[in-house]
Amino acid sequence: MIIVDELKEGFNIMLHPKSATQKKRKIGEALAFYYKISIISLLLYIILSLVMLIYAAGLSAVGMFFFGMLAMYGILMFVVIIPIFIFVIAFIYQIFGKLFKVFNNPYSNTFTATVYGALPTILFYWLNIVPSGSSVLIIFELWTFIIMVFALAKQQKTSSIKAFAVTIVTLIIIGIIKFIAFTMGLGSIFSLAL
(Lines give C-alpha, C1' and ligand atoms only; values in the text may rest on other atoms or scores of the structure.)
Protein backbone atom coordinates (compact mmCIF):
# COMPACT_ATOMS: atom_id res chain seq x y z
CA MET A 1 0.00 0.00 0.00
CA ILE A 2 1.30 3.38 -1.00
CA ILE A 3 0.57 5.35 2.19
CA VAL A 4 1.73 2.49 4.42
CA ASP A 5 5.12 2.48 2.68
CA GLU A 6 5.52 6.23 3.22
CA LEU A 7 4.48 5.91 6.87
CA LYS A 8 7.05 3.14 7.39
CA GLU A 9 9.70 5.31 5.78
CA GLY A 10 8.60 8.29 7.87
CA PHE A 11 8.88 6.38 11.14
CA ASN A 12 12.22 4.94 10.00
CA ILE A 13 13.47 8.50 9.42
CA MET A 14 12.23 9.49 12.88
CA LEU A 15 13.91 6.51 14.56
CA HIS A 16 17.14 6.51 12.52
CA PRO A 17 17.71 10.10 11.35
CA LYS A 18 21.43 9.64 10.92
CA SER A 19 21.09 6.87 8.34
CA ALA A 20 17.55 7.12 6.92
CA THR A 21 17.66 10.72 5.66
CA GLN A 22 20.01 10.22 2.74
CA LYS A 23 17.40 9.39 0.06
CA LYS A 24 17.36 12.24 -2.45
CA ARG A 25 14.09 13.46 -3.89
CA LYS A 26 13.14 16.12 -6.39
CA ILE A 27 10.94 18.89 -4.99
CA GLY A 28 7.78 17.32 -6.45
CA GLU A 29 8.67 13.91 -5.03
CA ALA A 30 9.40 15.37 -1.58
CA LEU A 31 6.11 17.28 -1.67
CA ALA A 32 4.22 14.13 -2.71
CA PHE A 33 5.93 12.30 0.18
CA TYR A 34 4.76 15.06 2.55
CA TYR A 35 1.14 14.86 1.35
CA LYS A 36 1.04 11.07 1.61
CA ILE A 37 2.49 11.20 5.13
CA SER A 38 0.12 13.96 6.23
CA ILE A 39 -3.11 12.18 5.19
CA ILE A 40 -3.29 10.01 8.33
CA SER A 41 -2.46 12.92 10.62
CA LEU A 42 -5.09 15.11 8.95
CA LEU A 43 -7.73 12.39 9.33
CA LEU A 44 -6.82 11.97 13.02
CA TYR A 45 -7.02 15.74 13.47
CA ILE A 46 -10.51 15.88 11.93
CA ILE A 47 -11.79 12.84 13.88
CA LEU A 48 -10.42 14.13 17.18
CA SER A 49 -11.91 17.57 16.46
CA LEU A 50 -15.33 15.94 16.12
CA VAL A 51 -14.90 13.77 19.22
CA MET A 52 -13.70 16.68 21.38
CA LEU A 53 -16.52 18.96 20.23
CA ILE A 54 -19.19 16.30 20.72
CA TYR A 55 -17.79 15.75 24.22
CA ALA A 56 -17.75 19.51 24.93
CA ALA A 57 -20.85 20.77 23.11
CA GLY A 58 -22.83 17.72 22.04
CA LEU A 59 -24.41 17.52 18.61
CA SER A 60 -25.72 21.08 18.78
CA ALA A 61 -25.61 23.44 15.84
CA VAL A 62 -22.93 25.49 17.58
CA GLY A 63 -20.84 22.36 18.18
CA MET A 64 -21.13 21.31 14.54
CA PHE A 65 -20.21 24.83 13.41
CA PHE A 66 -17.06 24.75 15.53
CA PHE A 67 -16.24 21.25 14.28
CA GLY A 68 -16.53 22.53 10.72
CA MET A 69 -14.24 25.45 11.57
CA LEU A 70 -11.67 23.16 13.23
CA ALA A 71 -11.79 20.72 10.33
CA MET A 72 -11.30 23.54 7.82
CA TYR A 73 -8.41 24.87 9.90
CA GLY A 74 -6.78 21.41 9.86
CA ILE A 75 -7.24 21.06 6.11
CA LEU A 76 -5.82 24.56 5.57
CA MET A 77 -2.83 23.77 7.79
CA PHE A 78 -1.98 20.44 6.15
CA VAL A 79 -2.77 21.33 2.54
CA VAL A 80 -1.54 24.93 2.34
CA ILE A 81 0.20 26.47 5.36
CA ILE A 82 2.64 23.70 6.34
CA PRO A 83 3.82 23.12 2.73
CA ILE A 84 4.35 26.88 2.27
CA PHE A 85 6.23 26.97 5.55
CA ILE A 86 8.42 24.05 4.41
CA PHE A 87 9.22 25.88 1.13
CA VAL A 88 10.11 29.09 2.97
CA ILE A 89 12.16 27.50 5.76
CA ALA A 90 14.06 25.36 3.23
CA PHE A 91 14.78 28.51 1.23
CA ILE A 92 16.15 30.25 4.34
CA TYR A 93 18.27 27.19 5.18
CA GLN A 94 19.59 27.17 1.61
CA ILE A 95 20.46 30.87 1.72
CA PHE A 96 22.45 30.54 4.94
CA GLY A 97 24.00 27.25 3.88
CA LYS A 98 25.26 28.83 0.66
CA LEU A 99 26.23 32.08 2.41
CA PHE A 100 28.43 30.19 4.89
CA LYS A 101 29.72 27.93 2.07
CA VAL A 102 28.40 24.85 3.89
CA PHE A 103 25.87 23.64 1.29
CA ASN A 104 26.96 22.57 -2.18
CA ASN A 105 23.87 20.70 -3.34
CA PRO A 106 20.77 22.37 -4.85
CA TYR A 107 17.63 23.62 -3.13
CA SER A 108 15.83 20.33 -3.81
CA ASN A 109 18.15 18.60 -1.33
CA THR A 110 17.47 21.23 1.31
CA PHE A 111 13.73 20.98 0.64
CA THR A 112 13.88 17.19 1.03
CA ALA A 113 15.80 17.57 4.31
CA THR A 114 13.20 20.05 5.56
CA VAL A 115 10.38 17.63 4.76
CA TYR A 116 12.27 14.87 6.60
CA GLY A 117 12.88 17.17 9.55
CA ALA A 118 9.22 18.17 9.77
CA LEU A 119 8.01 14.55 10.02
CA PRO A 120 7.51 14.43 13.82
CA THR A 121 5.45 17.62 13.71
CA ILE A 122 3.46 16.43 10.71
CA LEU A 123 2.74 12.96 12.08
CA PHE A 124 1.75 14.17 15.54
CA TYR A 125 0.13 17.56 14.78
CA TRP A 126 -3.23 16.07 15.78
CA LEU A 127 -2.05 16.20 19.41
CA ASN A 128 -2.97 19.91 19.38
CA ILE A 129 -6.63 18.85 19.65
CA VAL A 130 -6.13 16.67 22.73
CA PRO A 131 -6.00 18.38 26.15
CA SER A 132 -2.33 18.81 27.16
CA GLY A 133 -1.39 17.44 23.74
CA SER A 134 0.46 20.60 22.75
CA SER A 135 2.76 20.02 25.74
CA VAL A 136 3.61 16.56 24.39
CA LEU A 137 4.07 18.04 20.92
CA ILE A 138 7.02 20.05 22.29
CA ILE A 139 8.97 16.78 22.61
CA PHE A 140 8.32 16.07 18.92
CA GLU A 141 9.41 19.62 18.06
CA LEU A 142 12.76 18.94 19.74
CA TRP A 143 13.07 15.71 17.79
CA THR A 144 12.25 17.68 14.62
CA PHE A 145 15.32 19.84 15.29
CA ILE A 146 17.57 16.78 15.67
CA ILE A 147 16.24 15.15 12.50
CA MET A 148 16.65 18.45 10.63
CA VAL A 149 20.34 18.65 11.52
CA PHE A 150 21.05 15.08 10.39
CA ALA A 151 18.91 15.42 7.26
CA LEU A 152 20.61 18.64 6.21
CA ALA A 153 24.02 17.07 6.82
CA LYS A 154 23.15 14.00 4.70
CA GLN A 155 21.38 15.89 1.91
CA GLN A 156 24.04 18.59 1.63
CA LYS A 157 27.02 16.25 2.18
CA THR A 158 28.37 18.28 5.08
CA SER A 159 29.16 17.64 8.73
CA SER A 160 26.49 17.55 11.43
CA ILE A 161 28.25 20.46 13.19
CA LYS A 162 27.98 22.68 10.10
CA ALA A 163 24.36 21.65 9.54
CA PHE A 164 23.68 22.40 13.23
CA ALA A 165 25.16 25.90 12.81
CA VAL A 166 23.01 26.61 9.74
CA THR A 167 19.91 25.33 11.57
CA ILE A 168 20.59 27.48 14.65
CA VAL A 169 21.23 30.62 12.60
CA THR A 170 18.02 30.02 10.64
CA LEU A 171 15.98 29.50 13.81
CA ILE A 172 17.42 32.70 15.33
CA ILE A 173 16.50 34.67 12.19
CA ILE A 174 12.96 33.21 12.24
CA GLY A 175 12.72 34.10 15.95
CA ILE A 176 13.72 37.69 15.20
CA ILE A 177 11.18 37.88 12.35
CA LYS A 178 8.46 36.52 14.66
CA PHE A 179 9.41 39.01 17.37
CA ILE A 180 9.26 41.92 14.93
CA ALA A 181 5.95 40.64 13.54
CA PHE A 182 4.44 40.39 17.03
CA THR A 183 5.63 43.87 18.01
CA MET A 184 4.14 45.28 14.80
CA GLY A 185 0.82 43.55 15.42
CA LEU A 186 1.23 40.95 12.67
CA GLY A 187 1.71 38.11 15.17
CA SER A 188 -1.50 36.27 14.39
CA ILE A 189 -0.47 35.82 10.76
CA PHE A 190 2.93 34.40 11.65
CA SER A 191 1.74 32.30 14.59
CA LEU A 192 -0.31 30.16 12.20
CA ALA A 193 2.72 29.01 10.24
CA LEU A 194 5.65 29.50 12.55
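**Helix 5 against helix 6**

Guide: In this predicted model, the axes of helix 5 and helix 6 come within 8 Å and cross at roughly 160°. Angles over 145 degrees count as roughly antiparallel, and helix 5 and helix 6 are therefore roughly antiparallel to each other. The crossing in which helix 5 passes helix 6 is right-handed. On the side of helix 5, the residues in contact include Asn109, Ala113, Tyr116, Gly117, Pro120 and Phe124; helix 6 contributes, among others, Leu137, Phe140, Glu141, Trp143, Ile147 and Gln156. By type, the residues of this contact divide into twelve nonpolar, nine polar and one charged.

Phe124 also belongs to the largest nonpolar core, which has 51 residues. Together with Phe78 and Ile86, Phe124 is among those with the most contacts inside this core. Helix 5 (107–124) and helix 6 (133–156) each give two or more residues to the core, as do helix 1 (2–15), helix 3 (27–57), helix 4 (61–99) and helix 7 (160–183). Helix 4 gives the most, with twelve residues.

Phe78 has contacts that, leaving out residues up to four places away in sequence, include Tyr34, Tyr35, Leu42, Tyr45, Ile122 and Tyr125.

Ile92 lies in helix 4. Ile92 counts as buried because its relative accessibility is 16%, and the cut-off for buried is under 20%. Ile92 touches Thr170 and Ile174, again without residues up to four places away in sequence. From Ile92 to Ile40 the separation is 52 residues in sequence and 28 Å in space, C-alpha to C-alpha.

Notes
Residues are numbered from 1 along each chain as its sequence is written. This is a predicted model: local features need pLDDT of at least 70, side-chain atom pairs count only at pLDDT 80 or more; totals for chains, interfaces and linings use all residues. Side-chain values use heavy atoms; hydrogens and water are left out. A nonpolar core is a set of buried Ala, Val, Leu, Ile, Met, Phe, Trp, Tyr and Cys residues joined through side-chain atoms within 4.5 Å. Buried means under 20% relative accessible area, exposed over 50%, partly exposed in between (1.4 Å probe, protein chains only). Helices (H or I, at least four residues) and strands (E, at least two) are DSSP runs, numbered from the N terminus. Contact means heavy atoms within 4.5 Å. Axes are lines fitted to C-alpha atoms, for helices over the stretch in contact, and angles run from 0 to 180 degrees between N-to-C directions. Angles under 35 degrees count as roughly parallel, over 145 as roughly antiparallel, 65 to 115 as roughly perpendicular and the rest as oblique. A crossing is left-handed if the near helix is turned anticlockwise from the far one by less than a right angle, and right-handed if clockwise. Ala, Val, Leu, Ile, Met, Phe, Trp, Tyr, Cys and Pro count as nonpolar, Asp, Glu, Lys and Arg as charged, and the others, Gly among them, as polar.
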